Amino acid sequence: DTAGHITFLNPVAETLTGWPEKEALGQPVQNVFQVINEETRTPGEDIVAQVLREGRVVALANHTALVTRGGREVPIEDSAAPIKDSAGTVSGVVLVFHDVTEKRRAQAAVRQSQRQNEFLATVIERASQPFAVGYPDGRLGLLNPAFEELTGYTAQELHSMSWANTLTPPEWLEVERRNLEELARTGQPVRHEKEYVRKDGRRVPIELLVHLS
């Protein structure tokens, strides 16, 4: 209400705060909705008072955690909006908040995956072993400088060509086809020998270890 006392608490809010509605009714909102900044540990701003004062929607700052009645901290996102009567006078505040624990976990997992991908990309980039990702339509994707050195082509040239038609001599195409079929059928890496035709026309014997991705 306009005094900042709780007049309604839905079941989800009861569960999240740890306060049954019958005990929360009439309490100052700060008693039930206790928030802190997760990083600084300082009390969060009283956004209900801010809404009553300014008459506009207000959102909680980032890194806000709700301290439940039992002392548990729950990361939340939240906003508060004014309730206005027909004359436009603020008669109360609606406080909406939700648990973002799973969202935080998903974001952390994405960041971890990005770090791992960046690490692998760096390892591949600096590796002395030639590495390239080939697609069924003949395109080449990710490749490293060692692969450029092996073939004599630049990365830009390699990305614009068909690896099967340009790099593989005709007499090796059937061997390549059989090995790729085996890879598709079993899903297991296939190791085989063949040749590549370099940009300068010279042939180089190679051993391939091919994986599905």
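Student: Which residue in β9 does H192 stand opposite?
Tutor: H192 stands opposite L208. This is a predicted model, where local features need pLDDT of at least 70, side-chain atom pairs count only at pLDDT 80 or more, and totals for chains, interfaces and linings use all residues. Residues are numbered from 1 along each chain as its sequence is written, and side-chain values use heavy atoms, with hydrogens and water left out.

Student: In which sense do β8 and β9 pair?
Tutor: Antiparallel, over 8 bridges. Two strands pair if DSSP finds at least two bridges between them. β8 covers residues 190-197 and β9 covers residues 203-210.

Student: What about the turn: which residue takes a positive phi?
Tutor: G201, near 90°. The hairpin has 5 residues between the strands.

Student: Back to β8. Which residues are on its covered face?
Tutor: V190, H192, K194 and Y196. The uncovered face has R191, E193, E195 and V197.

Student: New topic. How many helices and strands are in the whole chain?
Tutor: There are 9 helices and 9 strands. Those are DSSP runs: helices are H or I with at least four residues, strands are E with at least two.

Student: Why is the chain called more spread out than a compact globule?
Tutor: Because its radius of gyration is 31 Å, well over the 17 Å that the globule rule gives for 213 residues. That radius is taken over C-alpha atoms, and the rule is 2.2 Å times the number of residues to the power 0.38.

Student: What does the C-alpha trace span?
Tutor: About 85 × 35 × 35 Å along its principal axes.

Student: And how much is buried?
Tutor: 30% of the 213 residues. Buried means under 20% relative accessible area, with a 1.4 Å probe and protein chains only.

Note on methods. Buried < 20%, exposed > 50% of the residue type's maximum accessible area, 1.4 Å probe, protein only.
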